Amino acid sequence: MDATSKVCHVVAMPYPGRGHVNPMINLCKLLAAKKTDILITVVVTEEWLGFIGPDPKPDNIRFSTIPNVLPSELVRGANYPAFYDAVMTKMGAPFERLLDQIQPPVATIIADIELLWGVPAGRRRDIPVASLSTPSASFFRLLFRNREMNLLGMFVFCLG
């Protein structure tokens, strides 16, 4: 990629779990294949960078890391609530510091829908954020259906 050309820099931030990192990388590969004037930076923890294999990737995808502020992926199952809490409370600040330093400037962020701090981080910098939901369509439909039922119940209750 010519360094002097104007590129759209996308930063992708997956939730640190295999069912989230792999789909995010696959989405990034699809985007990179469709547009040559795009640069995608996938942000993972230092530990996760070591897990990502030598799978070929387009030249316009790169990886960047934030420090290991979480319990190791290898032991997270022993205390998943603590791991999840660390993701929600400790990953956001290093991610935001990276956003402030990364070059070229970020045009948009793709944040895993599970990372509740992703959208506010973009808003504070006036960077648009797209959320990626990695669960299956059937699981998403189940969640949506439950939401519909809750709204329907509230509607019926209000009409009383």
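**A parallel sheet, its helices and a salt-bridge network**

Helices (H or I, at least four residues) and strands (E, at least two) are DSSP runs, numbered from the N terminus.

The model is predicted: local features need pLDDT of at least 70, side-chain atom pairs count only at pLDDT 80 or more, and totals for chains, interfaces and linings use all residues. Residues are numbered from 1 along each chain as its sequence is written, and side-chain values use heavy atoms, with hydrogens and water left out.

The chain as a whole contains 6 helices and 5 strands. Along the sequence these elements follow the pattern β-α-β-α-β-α-α-β-α-β-α. The chain has 160 residues, of which 36% count as buried. It exposes about 9,600 Å², and carbon and sulfur atoms supply 61% of that area; accessible areas come from the Shrake-Rupley method with a 1.4 Å probe, and for residues only the protein chains shown count as cover. Of the contacts between residues at least 6 apart in sequence, 59% join residues at least 24 apart, where contact means heavy atoms within 4.5 Å.

The 5 strands form an open sheet in the order 3-2-1-4-5, with parallel pairing. Strand 3 (61-66) and strand 5 (129-132) stand at the edges with a single partner strand each, so one side of each has no neighbour in the sheet. On average, neighbouring strands of the sheet are turned by 25 degrees against each other, direction ignored. Axes are lines fitted to C-alpha atoms, for helices over the stretch in contact, and angles run from 0 to 180 degrees between N-to-C directions.

In general, the strands of a sheet pair through backbone hydrogen bonds, either parallel or antiparallel. Two strands are taken to pair if DSSP finds at least two bridges between them. Strand 1 and strand 2 run parallel and are joined by 5 bridges; valine 11 stands opposite threonine 41 in strand 2. Strand 1 (residues 8-13) also runs parallel to strand 4 (residues 108-112), to which 4 bridges join it. Methionine 13 has alanine 111 as its bridge partner in strand 4.

Helices pack on this sheet. Helix 1 (residues 18-34) touches strand 1, strand 2 (38-45), strand 3, strand 4 and strand 5, and its direction makes about 170 degrees with that of strand 2. Helix 4 (residues 92-101) also packs on the sheet, touching strand 1, strand 2, strand 3 and strand 4, with its direction at about 130 degrees to that of strand 3. The buried residues of helix 4 are Gly92, Pro94, Phe95, Glu96, Leu98 and Leu99. These buried residues pack against strand 1, strand 2, strand 3, helix 3 (80-90), strand 4 and helix 5.

The structure holds 5 salt bridges, a salt bridge being a side-chain nitrogen of Lys or Arg within 4 Å of a carboxyl oxygen of Asp or Glu. Arginine 125 forms one with glutamate 96, their closest N and O atoms lying 2.7 Å apart. This pair links distant parts of the chain, 29 residues apart: arginine 125 is in the loop between helix 5 (118-124) and strand 5, and glutamate 96 is in helix 4. Glutamate 96 is buried, with a relative accessible area of 15%, whereas arginine 125 is partly exposed at 23%.

A salt bridge also joins the side chains of aspartate 100 and arginine 125 (2.7 Å, N to O). Because aspartate 100 lies in helix 4 and arginine 125 in the loop between helix 5 and strand 5, the pair ties together parts 25 residues apart in sequence. Aspartate 100 counts as exposed, at 53% relative accessibility. Glu96, Asp100, Arg124 and Arg125 are linked in a network of salt bridges. Elsewhere, glutamate 73 and arginine 76 meet through their side chains in a salt bridge (3.4 Å, N to O), and glutamate 73 counts as buried at 17% relative accessibility.

The cysteines complete the account. The structure holds 0 disulfides, a disulfide being a pair of cysteine sulfur atoms within 2.5 Å. Cysteine 28 counts as buried at 0% relative accessibility, while cysteine 8 counts as partly exposed at 28%.

Technical notes:
Buried < 20%, exposed > 50% of the residue type's maximum accessible area, 1.4 Å probe, protein only.
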